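Hi,

Here is the structure I promised to pass on. Have a look at it first, and my notes follow below.

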Amino acid sequence: FPSHDRNIHNIKTLFFSLHAAIWEHAAIENRLVKELVNRNFETVYVSCGMTFPEHCTSYSAANIGLNSPRKIKNGICRQCKKNAALLTSCSGARHLKLVNYLTTADEIKIEKILKTISPENYKNFKFLDVEVSKAAIYECFLLFKKMSDYFSYDEWEYFRVYLRNSLQSLVGFSKIFAQEKPDLVFFYSPQYGVNGVCAEYAAKQGAKTYFVEGSSSNSERYGAVS
């Protein structure tokens, strides 16, 4: 991204960054955010804003389970919001919150959709032309170390949460995408459901999508971006 490019002011970048509570990841990603802002790219940073109060990747990273007390979950949410605010204030990126793009009507629609999905039909579920189930299943496979797509009762309850989160993420992101019309969209670890559905959506809309991750070198894991 050369800073002297005469078309640079016409390029809009968007970082979809819902897990600011995971500081090791968020801080490294923010180096790239800040660099693009410094090179005069119009840059938007999207954080969560407590979109997923039941369970999320940040909870998992802190070893907080689905049935953990609300008080403990709220602590992670507060840290996530605090980190996102700090990072955007340091980088200069414009800050949006996913939660502000979801209405009560959206939530009702999502709940109706979830009632139609069962262990028998979930594999082929798509929404907005995105294979939502295939993205949402990733964390369940990690959590339960699964070797098959069969779900026990407890596993299915977890999957439904990840499925709901992925739908919420996709619905909110589709509105943000329509509003901002980004040219480049960055996702830290888009293999995770809430990121993966949006990465697929952005690509289908014609935006260039980028996979952001810590360095593949363990010695630089939280010191460099790849």
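The lining of the largest cavity is made up of 12 nonpolar, five polar and two charged residues. The classes work like this: Ala, Val, Leu, Ile, Met, Phe, Trp, Tyr, Cys and Pro are nonpolar, Asp, Glu, Lys and Arg are charged, and the others, Gly among them, are polar.

Before you dig in, some ground rules. This is a predicted model, where local features need pLDDT of at least 70 and side-chain atom pairs count only at pLDDT 80 or more, while totals for chains, interfaces and linings use all residues. Residues are numbered from 1 along each chain as its sequence is written, and side-chain values use heavy atoms, with hydrogens and water left out.

**Cavities**

A cavity here is a set of points, on a 1 Å grid over the protein atoms alone, where a 1.4 Å probe fits but cannot get out; lining residues have an atom within 4 Å of a point. Points are joined across faces, edges and corners, and the volume is the space filled by probe spheres set on them. That gives two cavities of 30 Å³ or more.

The largest cavity holds about 140 Å³. It has 19 lining residues, and C48, G49, M50, C77 and C80 are the closest to its centre. Helix 2 (57-61), helix 3 (70-91) and strand 3 (94-97) each put at least two residues into that lining, with helix 3 giving the most, five. Helices (H or I, at least four residues) and strands (E, at least two) are DSSP runs, numbered from the N terminus.

The second largest cavity comes to about 40 Å³. Its lining consists of H19, F52, H55, C56, T57, E139, Y162, N165 and V194, which split into four nonpolar, four polar and one charged.

**Helix 1**

Helix 1 (residues 23-38) has 16 residues and spans 22 Å from first C-alpha to last, close to the 22 Å expected at 1.5 Å a residue (1.5 Å times one less than the number of residues). A26, I28, E29, N30, V33, L36 and V37 are its buried residues, where buried means under 20% relative accessible area, exposed over 50%, and partly exposed in between (1.4 Å probe, protein chains only). Their cover includes strand 1 (12-16), strand 2 (42-47), helix 3 and strand 4 (184-188). Just after helix 1, N40 has a positive phi of about 70°.

Most residues other than glycine have a negative phi. D129 has phi near 65°.

**Salt bridges**

I get 13 salt bridges, each a side-chain nitrogen of Lys or Arg within 4 Å of a carboxyl oxygen of Asp or Glu.

- D129 turns up again here, paired with K204 at 3.6 Å, N to O. D129 is in the loop between helix 4 and helix 5 and K204 in helix 8 (residues 193-204), so the bridge ties together parts 75 residues apart in sequence. D129 is partly exposed at 46%, as is K204 at 44%.
- K123 and D149 meet at 2.7 Å, N to O. They are 26 residues apart, K123 in the loop between helix 4 and helix 5, D149 in the one between helix 6 and helix 7.
- K146 pairs with E155, closest N and O atoms 3.0 Å apart. K146 is buried at 12%, and E155 is buried at 14%.

Finally, bridges with shared partners join K12, E42, R94 and E180 into one network.

Terms used. On a 1 Å grid over the protein atoms alone, a cavity is a set of points where a 1.4 Å probe fits but cannot get out, and a pocket is an open set with protein on both sides within 12 Å along at least five of seven lines; lining residues have an atom within 4 Å of a point. Contact means heavy atoms within 4.5 Å.
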